[in-house]
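This briefing concerns aromatic rings and the charged groups placed over them. Please view the structure below before reading the points that follow.

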Amino acid sequence: MDATYITFCCTDTKAEPWLAGLRAAVPRALVDVWQPGAPQADYAVVWAPPQQFIDEQSRLKALFNIGAGVDGLLKLNLPPGMAVVRLDDAGMSVQMAEYVCHALIRHFREFDGYEADVAKGTWSYRKPRSRAECPVGIMGLGVLGQRVAQAVAQFDFPVRGWSRTPHPMPGVTGFAGESQFNDFLAGTRVLVNLLPLTAQTENILRRDTLQRLLPGGYLINVARGAHLVEADLIALIDSGHLAGATLDVFRTEPLPRAHPFWSHPRITITPHTSARTLREESIAQIAAKIARLRAGESPQALPGCVDPARGY
Ligand code: NAP
Ligand code: GLV
């Protein structure tokens, strides 16, 4: 079998450990960082590559994205038929479950309030809240959303899930499609966004949708910043309709220093870290998929192969 040539083009990623890992994991592989003018490779491992990369490497057998979301990649002008394969969990779903449960429980148990009281030297109690009155709605029941739904259900919150097509799950009240979106929102108090960013989902978290949540609603956005109309969120929190939000993703990242989210007392922010790409798990997954392709499988048979028409 000929050597496999893998090119690596990942913005904001230290290349050396990835190159060493891929060389070790893919037998007879030549693995190099892409440079303009480099020869055509068989496979690429990418994150936010420039259009020039796609134009020059137009005959790749598959493009492996080292993240779950492919919105950045699908914005590029890709040759028709170029296979795009996303990370399929690779250690992300457990991180996402931890993050969402942490944010949910911090809000529900008012730990932020206790922290503030302790800082002031106050020994205080808050009235226990009713779990039954805090239904958690998860937008997106894919690889990450399903794991999050299971984790939240373990804490006995009522769990609701919304997806494009129905996904029956034990312990989760399911809603699907646009026609059931308003019903889903209307019975939700804590809303968790785990949708991919597509033409259909951009700006989906805005005044008229967030207003439908139960009073005192809370938003946890861990998907993409462009899902949220940021000014609408601030207005709804300031008017008292929403209790607050935990946000991991933003329209502009890093979040500009002057942005009001930095100092809003009811908004908790983190720097796009809810589910990080884990290098070893990702390399093992990509290497296993390359082995399947080399054995003659079609890219469309691989878990995580993206449907460009659907956008995820
Ligand atoms: P996924 O497996 O592709 O699941 C996407 C889910 O969204 C599916 O259930 C899908 O419905 C649903 N969906 C898509 N379009 C919809 C629409 N128009 N209406 C209703 N439901 C819709 O994706 P994933 O792996 O769970 O990841 C979700 C997103 O999380 C990624 O796209 C990425 O943006 C984000 N993410 C963020 C971080 C972070 O660190 N903040 C890390 C990883 C991922 P069907 O099942 O019916 O198709
Ligand atoms: C991170 O945001 C990812 O999409 O993997």
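Both F8 and W18 are buried, where buried means under 20% relative accessible area, exposed over 50% and partly exposed in between, with a 1.4 Å probe and protein chains only. The model is predicted, so local features need pLDDT of at least 70 and side-chain atom pairs pLDDT 80 or more, while totals for chains, interfaces and linings use all residues. Residues are numbered from 1 along each chain as its sequence is written, chains are lettered from A and ligands numbered from 1 in the order in which they are written, and side-chain values use heavy atoms, without hydrogens and water.

**Aromatic pairs**

- Y43 and F64 form a tilted aromatic pair, 6.3 Å centre to centre with 50° between the planes; rings of Phe, Tyr and Trp (its six-membered ring) pair if their centres lie within 6.5 Å, and planes under 30 degrees apart count as stacked, over 60 as edge-to-face and the rest as tilted.
- Y43 belongs to strand β3 (residues 43-47) and F64 to strand β4 (residues 62-65), so this pair ties together parts 21 residues apart in sequence; strands (E, at least two residues) and helices (H or I, at least four) are DSSP runs, numbered from the N terminus.
- Y43 and F64 are buried.
- The structure holds nine aromatic pairs.

**Aromatic cluster**

- One aromatic cluster is formed by W162, F175, F181 and F184.

**Charges over rings**

- R126 places its charged end over the ring of Y114, 5.2 Å from the ring's centre; a charge sits over a ring if NZ of Lys or CZ of Arg is within 6 Å of the ring centre and within 35 degrees of the ring normal.
- The ring of F157 has the charged end of R131 over it, 5.0 Å from its centre.
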